[in-house]
Amino acid sequence: MDISADDLAGGITKVVLRGRFDTTGAVVVELPFNKIATEKQKIVVDLSAVNFLASYGIRVLLVAAKIVKSNSGSLVVVCPDNNVAKVLKTAGMDALIPIYQTEAAAMAALAS
Amino acid sequence: MIAMSNAGASRLVLRNDVAELERLAGWIEGFTRQGTSPDVSFAVQLCLEEAVANIIMYGGADASVIAVELERNYGTLVARIEDNGRQFDPTRAPGPVPAASLDEAKVGDLGIHLMRSFANGMDYERRDGRNRLTLRFVEPLAASSE
């Protein structure tokens, strides 16, 4: 699994995660992801290239969202309607973290 | 470590080590590559990852052996997980309490809830000092024709 981050216009940081967001993958991205969450205020996390998600991955997402919120920022997720989205919904994450199916919708939410 | 016990079943023995989860994932992928729908394959991957990660993280040092078996039975895929760790019945674990806000949300305790949601059945028994968990996954087509 890998993670990349790009600063976009409007102070938005786009974090792209790729691969299997399972225990093994989550351990790899946890520290760099927390660092971004600590430093940035508006974060869009793109899960379009994540093909698998398990509870440890959800934990990493939730911790990052909590860090950003504690700094008065916001974190939103882009995830197409697939099994990864089903895991997020089953875990109740859709009630805690805004999840959008397209990047355009996520960007619009962060810009407003 | 993969031994075919009969034509439709496959067994994998894992050590009590978090690095083994990667080997588990590769093995499941191999088993489900043919004759399994993408949704059932995903569900099997998810539930076995959660079950085995729980044993590795909470089963204690006694959990020296974790054996996983997958078997296809017509439209149903049956997964059996056996370990000699601390007694733990995931079917009796309480469900998560929905959080009212991000601040209140508890981190963790989602694995068993995901297993309950993505498997079509989950049975537990403690026998001969071992935990035995059986998970069933029904192919959507098989479910609708039953």
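Q: What makes up the secondary structure of chain B?
A: Chain B has four helices and six strands, where a helix is a DSSP run (H or I) of at least four residues and a strand a DSSP run (E) of at least two, numbered from the N terminus. From the N terminus on, the order is β-β-α-α-β-β-α-β-β-α. This is a predicted model, in which local features need pLDDT of at least 70 and side-chain atom pairs count only at pLDDT 80 or more, while totals for chains, interfaces and linings use all residues. Residues are numbered from 1 along each chain as its sequence is written, and chains are lettered from A and ligands numbered from 1 in the order in which they are written.

Q: What makes the radius of gyration of chain B agree or disagree with that of a compact globule?
A: For 146 residues a compact globule would come near 15 Å, and chain B has 16 Å, which agrees. The radius is taken over C-alpha atoms, and the rule is 2.2 Å times the number of residues to the power 0.38. The C-alpha trace of chain B spans about 50 × 40 × 25 Å along its principal axes.

Q: Why are H1(A) and H2(A) called roughly parallel to each other?
A: Their axes cross at roughly 5 degrees and come within 9 Å. Angles under 35 degrees count as roughly parallel, therefore H1(A) and H2(A) are roughly parallel to each other. The contact includes A:Val29 and A:Phe33 of H1(A), and A:Val60 and A:Ile67 of H2(A). Its residues divide into ten nonpolar, five polar and one charged.

Q: How many residues of chain A are in contact with chain B?
A: 21 residues of chain A are in contact with 22 of chain B, a contact being two C-beta atoms, placed from the backbone, within 7 Å. Helix H1 (23-39), helix H2 (55-70) and H3 of chain A each give two or more residues to this side. The largest share, eight residues, comes from H2(A).

Note on methods: Axes fitted to C-alpha atoms, helices over the stretch in contact; angles between N-to-C directions. Parallel < 35°, antiparallel > 145°, perpendicular 65-115°, else oblique. Nonpolar A, V, L, I, M, F, W, Y, C, P; charged D, E, K, R; others polar.
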